[in-house]
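Please look through the structure below alongside the explanation that follows it.

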Amino acid sequence: MAQQPGIPKSVKFLLGGSAGMLATVFVQPLDLVKNRMQMSGAGSAAREHKTSIHAIRAIMSNEGIFGFYNGLSAGLLRQATYTTTRLGIYTQLFEYFSKPDGTPPNFFVKAGLGVTAGGCGAFVGTPAEISLIRMTSDGRLPPDQQRNYKNVFDALNRIIREEGLFTLWRGCGPTVVRAMVVNASQLASYSQAKSVLLNTSYFQDNIFCHFVASMISGFITTTVSMPVDIAKTRIQNMSVVDGVPEYKGAVDVLSRVVKKEGLFSLWKGFTPYFARLGPHTVLTFIFLERLTSLYKGHKGIEGGRSL
């Protein structure tokens with residue numbers, strides 16, 4: 001993801017964050033459905049949603065069409081922090097490890113760069129992430145248990161005031177691990193898929209190529225990262241009664257899910273997750289490619305690959 005001669009480092013970070021925020025506007029409803037599916041059956045509660053379609057109908061019936069955009073402000077802040085950091089760092093590392101003639105690093109180096117970028121981005125983005133999880137899960141709770149955050153800034157303020165500053169980093173461990181897994185698979189598989197496609201006679205470096213590479217990347221990332229994601233989601237949304245948290249950690253979440261709900265429940269919400277991650281990956285990389293191209297055209301910068 002580099003070879004952008006003449007583009008300042010700050011601009012690379014800005015382009016990455018902007019691309020992620022634009023993509024989130026389109027896929028926020030799918031993120032909400034995915035979170036509801038992952039929280040369905042949590043603890044001792046009965047499973048609320050059997051399928052993604054059932055979840056969508058319930059949300060539409062109980063909260064209306066705008067209920068699908070609960071937590072949008074948190075989703076945008078998450079992209080402004082997490083995606084800006086991870087794509088900016090990945091861009092810089094990709095450029096650094098590319099050869100002088102422009103040859104990109106091999107797949108395993110790309111994976112390592114993705115792990116590093118993802119971990120850094122996740123730590124920075126965890127406060128927005130926990131706000132997003134809570135805001136998108138609020139509608140499934142009884143009225144007397146709902147937190148009713150007005151927006152992401154109200155959520156952050158109340159979490160600090162009611163639960164303490166470090167609660168903003170609750171679940172930071174699984175969040176960072178998930179981000180490492182996601183980025184190692186997403187960024188590396190996108191770059192690798194794009195390189196493979198461009199080496200055939202069927203693709204050119206255009207939106208169609210970016211779309212195909214993104215969908216391949218999205219499927220791989222969804223399959224690999226879902227077990228870690230469900231652990232992260234439940235930890236960040238868990239209740240603490242008399243100082244005792246609902247879960248001891250990510251391993252406790254995973255073992256209890258497998259024991260009570262079955263092994264394949266680790267991939268609960270696969271359809272909305274992929275339906276969200278696939279398009280989000282597609283849109284993020286397409287927006288990033290287009291924004292980069294527009295910036296280069298505006299500044300008269302020639303040549304260089306973007307991703």
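Thr24 lies in helix 1, where helices (H or I, at least four residues) and strands (E, at least two) are DSSP runs, numbered from the N terminus. The model is a predicted one, in which local features need pLDDT of at least 70 and side-chain atom pairs count only at pLDDT 80 or more, while totals for chains, interfaces and linings use all residues. Residues are numbered from 1 along each chain as its sequence is written, and side-chain values use heavy atoms, with hydrogens and water left out.

Thr24 has a relative accessibility of 4%, so Thr24 counts as buried. The cut-offs are these: buried means under 20% relative accessible area, exposed means over 50%, and partly exposed is in between (1.4 Å probe, protein chains only). Not counting residues up to four places away in sequence, Thr24 touches Leu72, Gly75, Leu76, Gln79 and His280. Contact here means heavy atoms within 4.5 Å.

Arg36 is placed in helix 1 (residues 9-39). Is Arg36 buried or exposed? Arg36 is buried, because its relative accessible area is 2%. The side chain of Arg36 has a polar contact of 2.8 Å with the side chain of Glu63. A polar contact is a pair of N or O atoms within 3.5 Å; within protein, one must be able to donate a hydrogen and the other to accept it, and residues adjacent in sequence count only if both atoms are side-chain atoms. The Arg36 side chain also reaches the backbone oxygen of Thr136, at 2.6 Å. Leaving aside neighbours within four places in sequence, the residues in contact with Arg36 include His49, Ile59, Asn70 and Arg140.

Next come the charged pairs. Side chains of opposite charge can pair when their charged atoms come close. A salt bridge is a side-chain nitrogen of Lys or Arg within 4 Å of a carboxyl oxygen of Asp or Glu. How many salt bridges does this rule give? The count comes to twelve.

One of them joins the side chains of Arg178 and Asp229, with N to O at 2.4 Å. This pair links distant parts of the chain, as Arg178 is in helix 6 (residues 172-198) and Asp229 is in helix 7 (residues 207-237), 51 residues apart. Arg178 is buried, with a relative accessible area of 7%, and Asp229 is buried too, with a value of 0%.

Another salt bridge connects Asp252 with Arg256, whose closest N and O atoms are 3.2 Å apart. These two residues are four residues apart in helix 8 (residues 250-261), so about one helical turn separates Asp252 and Arg256. Asp252 counts as buried at 18% relative accessibility, whereas Arg256 counts as partly exposed at 24%. Elsewhere, salt bridges that share partners join Arg78, Glu129 and Lys232 into one network.

The side chains of Arg170 and Glu163 also meet in a salt bridge, at 3.9 Å from N to O. Arg170 counts as buried, with 17% relative accessibility, and Glu163 counts as partly exposed, with 32%.

Cysteines are the next topic. A disulfide is a covalent bond between the sulfur atoms of two cysteines. It is assigned here to a pair of cysteine sulfur atoms within 2.5 Å, and the structure holds zero disulfides. For Cys120, the nearest cysteine sulfur is that of Cys172, 11 Å away. Cys120 counts as partly exposed at 35% relative accessibility, while Cys209 counts as buried at 0%.

Now consider the backbone. Most residues other than glycine have a negative phi, and most peptide bonds are trans. Asn148 is not a glycine, yet has a positive phi of about 55°. Asn148 sits in the loop between helix 4 (107-137) and helix 5, and is partly exposed, with a relative accessible area of 46%.

Helix 9 (residues 270-299) has 30 residues and spans 42 Å from its first C-alpha to its last, close to the 44 Å expected at 1.5 Å a residue. The expected span is 1.5 Å times one less than the number of residues in the helix. Just after helix 9, Gly300 takes a positive phi of about 70°.

Last comes confidence. The pLDDT is the predictor's confidence in each residue, from 0 to 100. The chain averages 83, and 94% of the residues score at least 70. Confidence is highest in helix 5 (residues 152-163), at a mean of 94, and lowest in strand 1 (residues 240-241), at 74. Where pLDDT is low, the predicted coordinates should not be read in detail.
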